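Subject: Handing over the structure

Dear colleague,

I am passing on the structure that we spoke about, and below it you will find what I found when going through it. Please read the text with the structure open beside you.

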There are 2 protein chains.
Amino acid sequence: MKKYIEIYEYYRRLITNGQMKYGDKMPSIRSATTIFSVSKTTIENAYFELQADGYIISSPKSGYYVSNYTPIEATQSNADPDAQHILYDLKSGGADKNSFDISLWQRYIKSALRQQDRLLSYSDNQGEADLREALAKYIREKRNVTASPDRIVVGAGVQNLLGILCSLIDDRDTVSFPDKSFVQGISVFKDYGFTVKTRDKNAKIIYVSPSHMTSYGDVMKTKRRLELVKHSEINHSLVIEDDYDNDFLYQSKPTPSLFALSGGGNVVYMGSFSNVLIPGIRISFMVLTKELAEKYKKNIDKYAQAASKTEQIALCQYIRDGHINTQTRKIRRLYTAKTKQFYDEINRQMKNVNCKISDNGLQVKIEVPPFDTTRLTDNGIAVNIKEVTQDYAKLVIVPSAIDSSDIPHIVSLLKKSIE
Amino acid sequence: MKKYIEIYEYYRRLITNGQMKYGDKMPSIRSATTIFSVSKTTIENAYFELQADGYIISSPKSGYYVSNYTPIEATQSNADPDAQHILYDLKSGGADKNSFDISLWQRYIKSALRQQDRLLSYSDNQGEADLREALAKYIREKRNVTASPDRIVVGAGVQNLLGILCSLIDDRDTVSFPDKSFVQGISVFKDYGFTVKTRDKNAKIIYVSPSHMTSYGDVMKTKRRLELVKHSEINHSLVIEDDYDNDFLYQSKPTPSLFALSGGGNVVYMGSFSNVLIPGIRISFMVLTKELAEKYKKNIDKYAQAASKTEQIALCQYIRDGHINTQTRKIRRLYTAKTKQFYDEINRQMKNVNCKISDNGLQVKIEVPPFDTTRLTDNGIAVNIKEVTQDYAKLVIVPSAIDSSDIPHIVSLLKKSIE
């Protein structure tokens with residue numbers, strides 16, 4: 001480990017443990033070189049990192065002091081009053097810290113930041129041209145989605161893209177979602193004046209995530225996909241295929257995309273890399289129909305690009321160098337192994353449980369006799385409660401964010417909550 | 001300069017000059033260590049950077065080859081057919097490459113990327129809490145905008161934020177803009193069903209950029225600001241104060257913000273750092289009224305955060321460490337000097353021209369006899385043409401993106417186009 005990182009870590013621990021307190025003076029840079037027997041540059045680097053991470057502040061002509069600032073920890077979440085008590089998140093599909101090689105991503109960001117000329121101007125409204133080219137190639141190879149880069153629009157997350165899509169559609173008629181769970185998508189359509197339906201095949205716009213049909217991880221079978229595509233052609237409706245979870249990547253023989261099955265012009269394909277990379281990298285994309293792409297082009301000045309230009313540049317090279325593929329294989333192995341481990345552990349520890357692995361291999365679905373579900377939160381577990389009746393309770397466990405070494409303990413807490 | 005960068009530059013030039021062509025084989029890593037008398041790590045670093053920037057590709061078990069990919073240069077722009085011919089952009093207010101210390105920003109991004117735990121989860125929908133805290137402190141000190149971090153919403157650009165604002169307002173009545181130039185803002189309100197007016201003081205929402213009234217760089221005077229605030233209180237209308245250009249930072253005695261003048265609850269304050277940092281960093285923020293902030297909080301699950309989490313973390317520390325202030329002073333000196341230089345050069349070279357520096361010190365406004373404005377494009381100049389009549393032509397020159405050494409030549413081209 002580099003020397004300046006050792007010194008950084010030394011002080012970081014003293015500060016977070018409370019052994020050094022707000023206002024305590026740090027050794028001067030000169031003293032520290034003597035204390036640690038290192039060069040001035042090494043100390044300056046360590047102090048810079050401590051300052052940049054908010055642990056110390058610099059008082060001009062006076063020195064460095066421990067700051068009052070408590071760095072945000074990852075355990076905080078969005079205004080959720082129960083957040084303090086949740087130790088194990090089996091619900092939101094966050095990333096496993098072992099899953100992503102962040103130092104590799106750092107190198108690509110660093111390279112992107114060196115392209116100073118590019119960063120001096122705003123991003124192309126549609127998204128960086130080289131990224132759209134790399135995306136077009138990627139989805140053609142991986143998903144049989146064939147479209148020129150001109151039809152691809154990059155955005156900062158799916159909500160951003162749905163806003164653009166809504167604004168391209170003049171006739172604000174009906175849109176159908178499979179259920180009410182996709183709050184952030186439904187609200188965009190509502191805001192734009194669409195009438196939102198649930199599972200209405202006669203709606204003018206049908207939103208589906210065929211590779212991730214429900215939180216159960218069911219996959220829409222080919223027969224059903226063909227029916228959907230055919231019906232939308234007859235009905236002149238638009239299908240939005242949201243492949244956000246890239247679940248197709250986890251299956252050896254993935255079901256064909258609706259886009260590929262349709263052949264024609266009425267499927268908008270949406271994708272992102274949030275679950276292959278990390279949620280902190282917020283870039284998504286959509287492939288417009290030829291008609292909508294022409295309309296977008298005519299109105300392109302109206303649409304500001306929201307995705308970070310630096311991250312777009314880095315992502316483009318990351319894809320070109322094949323790391324999405326490598327990363328995907330790694331995630332697939334990691335997550336399906338954890339799912340299997342959960343499944344085995346549940347069968348080992350719990351009785352009276354009907355337990356099944358989802359179609360996409362990423363969730364464990366369990367059915368148990370009814371119980372007081374608040375005991376889950378009491379025991380520090382967040383899990384999807386799909387249905388509770390007089391006769392049974394159905395839960396869905398998403399193990400992606402969990403450390404596999406915690407699985408036996410988590411299952412014992414589940415058992416404690418349920419039995 | 002670091003050794004691996006020298007080697008990177010060496011090959012980059014050979015490739016961009018065409019001396020090495022697509023398909024040419026690079027020296028093996030082992031050979032290169034001998035050729036350059038450096039370590040294997042140094043060559044590997046140089047080759048990695050060449051690969052990450054798209055100049056070479058790696059063929060497994062075979063070696064490295066010059067790629068077919070031409071890195072995008074900064075001169076390309078959004079589907080503008082005239083873009084090829086524009087040498088000097090006096091129009092769009094891009095950044096001067098001398099204005100921003102990108103290596104400093106790189107260090108903050110690098111620090112942010114080291115906070116792996118934070119990056120494993122999605123950003124807080126409202127924007128990172130520590131950033132909102134730093135923003136609250138900054139705008140209180142700089143602009144007398146006093147509001148708790150709870151009222152601040154972070155977004156990826158002003159269009160993103162206006163979308164959130166529109167969705168919080170149930171009564172989609174009238175909104176008034178000062179003119180039709182802010183296409184990206186007007187289109188959001190239209191999409192949300194508002195009726196868009198121009199300079200209508202009786203609209204229910206009034207959008208203004210008081211520190212940047214027109215492309216002329218006029219500043220709204222205090223008297224007028226007070227009238228606007230008073231009228232909106234009587235009318236129960238909402239004022240959106242877009243301080244995007246931070247022009248107040250360039251004046252020694254800035255005119256008070258509408259937010260501060262209003263004291264009460266009907267001004268939404270919007271800001272960004274695109275002109276203090278670089279356009280490639282797309283983070284903006286808005287301060288909601290107490291009422292709108294409460295509504296936002298109730299509906300927070302509907303709003304995905306679009307700004308890059310990494311950049312938010314970096315920006316927070318960058319602000320805390322005082323670099324916005326340092327950067328602002330630097331930009332102010334640089335841009336006002338260039339504006340003055342333009343002004344002097346125009347007066348020196350051109351006759352029959354009425355020339356004036358704008359209120360905010362950042363633009364040069366010129367009035368000349370009418371002329372064929374297409375000659376400007378022919379001579380490679382993009383400039384704002386404000387008005388052309390039988391008697392005069394009014395132009396506005398924004399020198400921010402220009403290199404000061406080019407100013408005499410640019411003015412000679414202006415003279416050539418006009419006289």
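How many of the residues in chain A are buried, as a percentage? Of the 419 residues in chain A, 55% are buried, where buried means under 20% relative accessible area, exposed means over 50%, and partly exposed lies in between, with a 1.4 Å probe and protein chains only.

Before going further, please keep in mind that this is a predicted model, in which local features need pLDDT of at least 70 and side-chain atom pairs count only at pLDDT 80 or more, while totals for chains, interfaces and linings use all residues. Residues are numbered from 1 along each chain as its sequence is written, chains are lettered from A and ligands numbered from 1 in the order in which they are written, and side-chain values use heavy atoms, with hydrogens and water left out.

The overall picture of chain A

Chain A has 15 helices and 15 strands, which are DSSP runs numbered from the N terminus (H or I and at least four residues for helices, E and at least two for strands). Taken along the principal axes, the C-alpha atoms of chain A fill a box of roughly 80 × 60 × 40 Å. Among the contacts in chain A with a separation of 6 or more, 70% are between residues 24 or more positions apart, a contact being heavy atoms within 4.5 Å.

How the two copies are related

Two copies of a chain are related by a rotation about an axis and a shift along it. The same surface serves both copies, since 98% of the contact residues of chain B recur in chain A.

The nonpolar cores

In soluble globular proteins, nonpolar side chains tend to be buried together. A nonpolar core is here a set of buried Ala, Val, Leu, Ile, Met, Phe, Trp, Tyr and Cys residues joined through side-chain atoms within 4.5 Å. The largest such core has 110 residues, and those that touch the most other members are A:Trp105, A:Phe273, A:Ile319, B:Trp105, B:Phe273 and B:Ile319. A second, separate core of 56 residues includes A:Tyr303, B:Leu168, B:Ile169 and B:Met270. Returning to A:Trp105, and leaving aside its neighbours within four places in sequence, its contacts include A:Phe100, A:Ile281, A:Tyr318 and, from the other chain, B:Leu113.

Charged residues

Over all chains, the count comes to 38 salt bridges, each being a side-chain nitrogen of Lys or Arg within 4 Å of a carboxyl oxygen of Asp or Glu. One of them joins A:Glu9 and A:Arg12, whose closest N and O atoms are 3.3 Å apart; because these residues are three apart in helix 1 (residues 3-16) of chain A, about one helical turn separates them. A:Glu9 is buried at 17% relative accessibility, whereas A:Arg12 is partly exposed at 23%, and A:Glu9, A:Arg12 and A:Arg13 are linked in a network of salt bridges.

In chain B, a salt bridge joins B:Glu128 and B:Arg118, with the closest N and O atoms 2.5 Å apart. B:Glu128 lies in the loop between helix 5 (116-119) and helix 6 (129-143) and B:Arg118 in helix 5, so the pair ties together parts that are 10 residues apart in sequence. Both B:Glu128 and B:Arg118 are buried.

What of a buried charge without a partner? A:Arg151, in the loop between helix 6 (129-143) and strand 4 (152-155) of chain A, is buried yet has no salt bridge, and the nearest side chain of opposite charge, A:Glu294, is 8.8 Å away.

Cysteines

The structure holds zero disulfides over all chains, a disulfide being a pair of cysteine sulfur atoms within 2.5 Å. For A:Cys166, the nearest cysteine sulfur is that of B:Cys166, 14 Å away. A:Cys166 is buried, at 0% relative accessibility.

With best wishes

Methods. Lys, Arg positive; Asp, Glu negative; His and termini not counted.
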